[in-house]
Amino acid sequence: MLRSALGLDADVPGGTVTVAPAFAAAYAPLTVTGLQVGGARLDITLAADGAVNVTAPEGLTVVPA
């Protein structure tokens, strides 16, 4: 459910994660912490106004869509 709500698509070998929440308004505000992506931890916050904030460790590139 989180993958769909947040629009997550991880390319672990490539070191990227795409975040494209299609239904942000339906779930916002929402904060998810500690998502595991290839051994790294990722935090995502959806604000009530639709803004998306992603905190990712060095070496993991976040691609907004």
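Q: Among contacts in the chain between residues at least 6 apart in sequence, what share joins residues at least 24 apart?
A: Of those contacts, 35% join residues at least 24 apart. Contact here means heavy atoms within 4.5 Å.

Q: What kind of model is this, and what limits apply?
A: The model is predicted: local features need pLDDT of at least 70, side-chain atom pairs count only at pLDDT 80 or more, and totals for chains, interfaces and linings use all residues. Residues are numbered from 1 along each chain as its sequence is written, and side-chain values use heavy atoms, with hydrogens and water left out.

Q: What is the mean pLDDT of the chain?
A: The mean is 87, and 98% of the residues reach 70 or more. pLDDT is the predictor's confidence in each residue, from 0 to 100.

Q: Which elements have the lowest and highest mean pLDDT?
A: Helix α2 has the lowest, at 72, and strand β2 the highest, at 92.

Q: OK, in what order do the elements run?
A: From the N terminus on, the order is α-β-β-α-β-β-β-β. That is two helices and six strands. Both kinds are DSSP runs numbered from the N terminus: helices are H or I with at least four residues, strands are E with at least two.

Q: Why call the chain compact, going by radius of gyration?
A: Because a compact globule of 65 residues would have a radius of gyration near 11 Å, and the chain has 11 Å, which agrees. The radius is taken over C-alpha atoms, and the globule rule is 2.2 Å times the number of residues to the power 0.38. Along its principal axes the C-alpha trace spans about 30 × 20 × 15 Å.

Q: How much of the chain is buried?
A: Buried residues make up 26% of the 65. Buried means under 20% relative accessible area, exposed over 50%, and partly exposed in between, with a 1.4 Å probe and protein chains only.

Q: Switching topic: how many salt bridges does a search of the whole structure find?
A: One. The pair is Asp 9 and Arg 3, with the closest N and O atoms 3.9 Å apart. The criterion is a side-chain nitrogen of Lys or Arg within 4 Å of a carboxyl oxygen of Asp or Glu.

Q: How is Asp 9 classed by relative accessibility?
A: Asp 9 counts as partly exposed, at 43%.

Q: Which residues make the nonpolar surface patch?
A: Met 1, Phe 23 and Tyr 27 make it, with an area of about 370 Å². Patch residues have over 30% relative accessible area and no salt bridge; like charges are joined within 9 Å, nonpolar side chains (Val, Leu, Ile, Met, Phe, Trp, Tyr) within 5 Å.

Q: Where does Phe 23 lie?
A: Phe 23 is in the loop between β2 (16-19) and α2 (24-27). Phe 23 is partly exposed, with a relative accessible area of 48%.

Q: And Gly 59, buried or exposed?
A: Gly 59 is exposed, at 67% relative accessible area. Gly 59 is found in the loop between β5 (52-55) and β6 (61-64). Its C-alpha atom is separated by 9.2 Å from that of Ala 40, 19 residues apart along the chain.

Q: What does Gly 7 touch, not counting residues up to four places away in sequence?
A: Gly 7 touches Leu 2, Thr 18, Val 19, Ala 20 and Pro 21. Gly 7 is in the loop between α1 (2-6) and β1 (8-11). The C-alpha atoms of Gly 7 and Gly 59 are separated by 20 Å.

Key:
Accessible areas come from the Shrake-Rupley method with a 1.4 Å probe; for residues, only the protein chains shown count as cover.
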